[in-house]
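Dear colleague,

I am handing over the structure we spoke about, and below it you will find a short account of what was found. Please read the text with the model open beside you.

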Amino acid sequence: MTSTTDEAAAPGLSKFQFIALMAMLMAVNAVSIDIMLPGLQQIGASLGVTDENHRQYVITAYLIGMGVAQLFFGPLSDRFGRKAPLLAGLGIYGVCAVAITIVPTFSALLALRFVQGIGAAATRVITVSIVRDVYGGRRMAEVMSLIMMVFMIVPVIAPSVGQLIMIFAEWHMIFVVIALFAFTIATLVVFRLQETLNPDHRRAFTPSVILSGFKIVLTNRLSLFYTLATSVILGALFGFINSAQQILVGVYGLGLWFPVVFAAFAGMMAVASFTNSQLVRRFGMRALSHAALLGFMLASFLWMTVSIYGPVPFPLFVVLYGAAMFQFGLIASNFNAMAMEPLGHVAGTASSVLGFTQTIGGGVIGAFIGQAFDGTATPLAIGYFTVAAIGVVFVLIAERGKLFKAHNPAG
């Protein structure tokens, strides 16, 4: 059911409504991470966490649960459709948020965050599957860019909302807000979203069929290596998110200004995503994303070089890190669209494999970078340049050594 006109979208929704709903579904994961960043210190203190780096596990546990469960929700949505598994995931996610408000120990909180991540996996996998059901090629990249633009508004707002909650309440209220957000989206899905899976594309939910779907994905060179490239770049972003509070508050002493600066970086990615949506049909996914990847590596290299020779002044940190994050906004949606493009007939399974690899791979890399925090931003800068270089290698493998060259008019 690939669209052929600018106005076409999922049945019963205009293009604007479709993008807004998909962005809200994608934003579930951003809300789960970003809104609690101002409260990590209080969460740790309330539950007896003595090592400040261990507070990062609140994010890591969630990412691991989300990554693992994506392997399940993709094939499930290829068998039963997109809507029912999506609602099940939102239900798990919301119930866990409520349960966390009465959690007695840090270990119990981490366990519930893991399960909450399992529920959230449905939103990550099935949202991408729905977009692929409706759009393909550069159209998918354009729509994903617009979704990512709206999605990036959440990191702009969420830390400030979390900071506001921490001023007038305590950290448990953050999870009440998360639960309300989930149940609101579930209501919209029930009443506004129609099924998008083509009946001819339904696949049996059996081990042999699931494994054959995984094989289709993992043996496609373009899909596999663009997924790996996205995974390592995401690892850099997760590394920053894990240690953002320690760097911006601990190193640069921003205090209550932390949400503002964090929002500014997210805003740069939102602007980049919008820019991509306006340019991708003219220049193509490969031209934009390959140039952005090289720009990401250059900005990271300059940041790393300056960091090694001494503390980076805050204004220079903002310029170099902001430049890297702007490139990220041009990379993510294009890489995902190119990874999904050959796999429309197994979109759910493909999205699950891609999402699993990106979330687990990025989460592990991000945890490693975050745990390397030593009171400076140097480990983060080194991590950014390292993943950028690895990402370039993966893209070169995907493209057989040729960058910027479109494979067809849709690329």
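The domain assignment of this protein gives two parts, with domain 1 covering 11–205 and domain 2 covering 207–404. Please keep in mind throughout that this is a predicted model.

I began with how the two domains meet. The C-alpha centres of domain 1 and domain 2 lie 19 Å apart, and 52 residues of domain 1 are in contact with 56 residues of domain 2. The size of an interface is often given as the accessible area lost when the parts come together. Here, domain 1 and domain 2 bury about 4700 Å² between them, and 63% of that area is on carbon and sulfur atoms. On the side of domain 1, the residues that lose the most area to domain 2 are Gln 56, Arg 138 and Arg 203, which together make up 14% of what that side buries. Across this interface of domain 1 and domain 2, the rule finds 0 salt bridges.

I then turned to the largest pocket, which holds about 150 Å³ of space. Two elements give two or more residues to its lining, namely helix H13 (347–371) and helix H14 (378–398), and H14 gives the most, with 6 residues. Among the residues that line the largest pocket are Val 232, Phe 368, Pro 379 and Thr 386. What kinds of residue make up the lining of the largest pocket? The residues there divide into 9 nonpolar and 2 polar, with no charged ones.

With best wishes

Technical notes. Residues numbered from 1 in each chain as written. Predicted model: local features only at pLDDT ≥ 70, side-chain atom pairs only at ≥ 80, totals over all residues. Heavy atoms only, no water. 1 Å grid on protein atoms, 1.4 Å probe; cavity = no way out; pocket = protein on both sides within 12 Å on 5 of 7 lines; lining within 4 Å. Points joined across faces, edges and corners; volume = space filled by probe spheres on them. Helix = DSSP H or I, 4+ residues; strand = E, 2+ residues; numbered from the N terminus. Nonpolar A, V, L, I, M, F, W, Y, C, P; charged D, E, K, R; others polar. Domains from an automatic or database assignment. Contact = heavy atoms within 4.5 Å. Buried area = accessible area lost by both parts, 1.4 Å probe. Salt bridge = Lys/Arg side-chain N within 4 Å of Asp/Glu carboxyl O.
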